[in-house]
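Reader: I have a chain open in my viewer. Please walk me through it, feature by feature.

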Amino acid sequence: MGDPVTLTPAAAGLIRSLRAAHGPIMFHQSGGCCDGSAPMCYPAGEFRTGGSDVLLASLEVDGVPEPVEFWMSTAQWELWKHTRLTVDVVPGRGSGFSLEAPEGVRFLIRSHLAR
């Protein structure tokens with residue numbers, strides 16, 4: 001079925017830049033209002049995950065020494081578990097809480113049905 005989460009080259013490049021500036025990073029996608037379709041990027045461990053979250057991937061990114069974890073709320077994963085997710089980058093401002101917000105770009109999820 002393949003990995004549930006992949007990265008575009010643009011996303012990998014931004015991850016390398018954010019890692020250099022902030023140290024190890026992680027993603028979480030809650031499915032809440034506002035930025036629910038955008039994965040939020042945090043310094044690793046800053047967003048506390050728990051029993052209501054599932055680790056979908058430990059992403060290997062060239063130039064980043066440690067895997068970048070991608071978490072999602074279990075409730076949202078129940079709705080999306082038949083999809084494959086691609087983390088991409090688009091121009092514009094996302095949430096002020098996500099590390100890329102000052103960069104003038106935002107992470108975005110693109111999804112397609114798993115085969």
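Author: Start with the surface. The chain exposes about 6,200 Å², and carbon and sulfur atoms supply 55% of that area. Such areas come from the Shrake-Rupley method with a 1.4 Å probe; for residues, only the protein chains shown count as cover. Note the ground rules. This is a predicted model, where local features need pLDDT of at least 70 and side-chain atom pairs count only at pLDDT 80 or more, while totals for chains, interfaces and linings use all residues. Residues are numbered from 1 along each chain as its sequence is written, and side-chain values use heavy atoms, with hydrogens and water left out.

Reader: How many helices and strands are in the chain?

Author: Two helices and seven strands. Helices (H or I, at least four residues) and strands (E, at least two) are DSSP runs, numbered from the N terminus. Along the sequence the pattern reads β-α-β-β-β-β-α-β-β.

Reader: How do I read a sheet?

Author: Strands of a sheet pair through backbone hydrogen bonds, either parallel or antiparallel. Here, two strands pair if DSSP finds at least two bridges between them.

Reader: Which strands run antiparallel, and how many bridges join them?

Author: β6 (residues 83-91) and β7, through nine bridges. Two examples: R84 partners H112, and V87 partners I109. β1 and β6 pair in the parallel sense over three bridges. There, T6 has T86 as its bridge partner.

Reader: Is β6 mostly covered or open, and how is burial defined?

Author: Mostly covered: eight of the nine residues of β6 are buried. Buried means under 20% relative accessible area, exposed over 50%, partly exposed in between (1.4 Å probe, protein chains only). Buried residues make up 44% of the 115 in the chain.

Reader: Which residues touch the most other members of the largest nonpolar core?

Author: F70 and F107, in a core of 24 residues. Such a core is a set of buried Ala, Val, Leu, Ile, Met, Phe, Trp, Tyr and Cys residues joined through side-chain atoms within 4.5 Å. α1 gives the most to this core, with five residues.

Reader: And aromatic pairs?

Author: A pair of aromatic rings is described by the distance of the centres and the angle of the planes. Rings of Phe, Tyr and Trp (its six-membered ring) pair if their centres lie within 6.5 Å; planes under 30 degrees apart count as stacked, over 60 as edge-to-face and the rest as tilted. The structure holds three such pairs. The rings of F27 and F70 have centres 5.9 Å apart and planes at 35°, so this pair is tilted. It links distant parts of the chain: F27 in β2 and F70 in β5 are 43 residues apart. Both F27 and F70 are buried. Y42 and F47 form a stacked pair, 5.2 Å centre to centre with 25° between the planes. Y42 is buried at 13% relative accessibility; F47 is partly exposed at 26%. F27, F70 and F107 form one aromatic cluster.
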